[in-house]
Amino acid sequence: MSSSLPLPGAEERAVSAALLKKLRSLIAQHDGCLPFDIYMEAALYEPGIGYYSNGLMPFGEQGDFVTAPESGGLFGRCLARCIASVLAQLENGVVLELGAGSGTLACAVLRELRSLGTLPQRYCILERSGVMRNLQKQTLQDHPELASLVEWLDELPDQPLNGVVFGNEVADALPVSRFSWCDGQARTVGVAENGEALALCEREAGEDVAGRIQALAETNTWQCDYRSEYCPSLAAWVDSLCDCLARGMLLLVDYGYGRREYYHPQRAMGTLMCHYRHQAHADALWFPGLQDITAFVDFTTIAEAACDAGLRLAGYCSQAAFLLACGLEQLLAEADPDDTRRFLPLSNEAKRLLLPGEMGERFKCIGFSRELNDSVTGFTLPDQRSRL
Ligand SMILES: C[S@@+](CC[C@H](N)C(=O)[O-])C[C@H]1O[C@@H](n2cnc3c(N)ncnc32)[C@H](O)[C@@H]1O
């Protein structure tokens, strides 16, 4: 599969070679088999050379993938309507966006909140990549009146806030651990050296990991050599997000499933995916640093962590259901269908966001509330919580 990918240019290959050098030293530090989550962490975030830190543009037509906000303004406008319904219930509410990518979503959300008359007191961004942060600042420069509300945080706030904490396609970018399973034996999958290249390696799983995988295996009938992954930091990450919310909502949008579907016996090769120049494939070792590596999100883990932290599940549904409940159809109806130059891109965007074969069903929205009296726009019952 990876042989059909376009060959990166010399400058890109040099970045990957620098990362490879770092990876070789990490492999040596881990007795020849680097746990996959550590590999993924370095491949995506190693300062200066990881995928999100090396300055090669991941987003948009020239990049590797197009996220919902990168394909137009409808997604951000809908999200803003959900956020506005929370801010309307709070005094001096704050918005905190996680992993803001190019900053396009922040602009779209802020513009719509302004036109709805519900601008937050502050719009905070927590972004782990310095390169992405700079890109966000550049994007927001074009909107000085909105940029003055934006503040970049180095870490989650100490003081719990009243407002909305949200992230689009951030949970799928958290490093995952990979495993294989056969006849009750769990093995962890890692990364080793193979001459000039890298190769996957396996190790017998330690007690904790084996127990975790065995628990998943018990509720499913896996055939030998079942392979999948889990995100070791997901529950703690969600818990930390809940901790910083005094009143308001936590909203996460991503591709994923509830746990039963995630570990379905037929999904025997897991959910890991890589993106390079708009081609999706499964070879995570191909030119590390030049391609995105992601895995689907286990929404059951998110729900368990948030509910354990005292939040209430507001809803879990497909992206299509969420955007329609936020009024996407009305936003589309505002455009004149005879004005084809304006209407056609909007209707193409709507199709991409809503159709089941595009983003509509694969992407899910999950929302949690704390101490809100009224309902939140975007989540209408019946939703898909029974699939969690
Ligand atoms: C796939 S991009 C999504 C960007 C944007 N939200 C969008 O929808 O276009 C993931 C972003 O999350 C950032 N990121 C990953 N893990 C993060 C974390 N733990 N905290 C904050 N940002 C994170 C990455 O640097 C990147 O900007």
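Modeller: We'll take the ligand, then the pocket, the cavity and some backbone details.
Modeller: This is a predicted model, where local features need pLDDT of at least 70, side-chain atom pairs count only at pLDDT 80 or more, and totals for chains, interfaces and linings use all residues. Residues are numbered from 1 along each chain as its sequence is written, and side-chain values use heavy atoms, with hydrogens and water left out.

Biologist: How far is the polar side-chain atom of threonine 67 from an oxygen atom of the ligand?
Modeller: That distance is 2.7 Å. For glutamate 127, a side-chain N or O atom lies 2.6 Å from a ligand oxygen. Glycine 101 uses a polar backbone atom, 3.4 Å from an oxygen of the ligand. The cut-off for such a pair of N or O atoms is within 3.5 Å.

Biologist: And how much of the ligand's accessible area does the protein cover?
Modeller: The protein covers 95% of the 590 Å² that the ligand has on its own. Those areas come from the Shrake-Rupley method with a 1.4 Å probe.

Biologist: Where does the ligand sit?
Modeller: In the largest pocket. "Sits" requires more than half of its atoms within 2 Å of the pocket's grid points. On a 1 Å grid over the protein atoms alone, a pocket is an open set with protein on both sides within 12 Å along at least five of seven lines, a cavity is a set of points where a 1.4 Å probe fits but cannot get out, and lining residues have an atom within 4 Å of a point.

Biologist: What lines that pocket?
Modeller: 34 residues do, with Leu98, Gly99, Ala100, Glu127 and Val170 nearest its centre. Two or more residues each come from β2 (94-98), α4 (104-116), α8 (234-243) and β13 (292-294). α8 gives the most, with three residues. The pocket holds about 580 Å³ of space.

Biologist: Switching topic. How many cavities of 30 Å³ or more are there?
Modeller: One. The largest cavity has a volume of about 100 Å³. Its lining has 15 residues, with Tyr230, Cys231, Leu234, Phe296 and Asp298 nearest the centre.

Biologist: Which peptide bond is cis?
Modeller: The bond from leucine 381 to proline 382 is cis, with omega near 0°. Proline 382 is in the segment after β16 (363-370).

Biologist: What about phi at aspartate 183?
Modeller: Aspartate 183 has a positive phi of about 45°, although it is not a glycine. Aspartate 183 is in the loop between β6 (177-182) and β7 (185-194).

Key
Polar contact = N/O pair within 3.5 Å; in protein donor to acceptor, adjacent residues only side chain to side chain. Points joined across faces, edges and corners; volume = space filled by probe spheres on them. Helix = DSSP H or I, 4+ residues; strand = E, 2+ residues; numbered from the N terminus.
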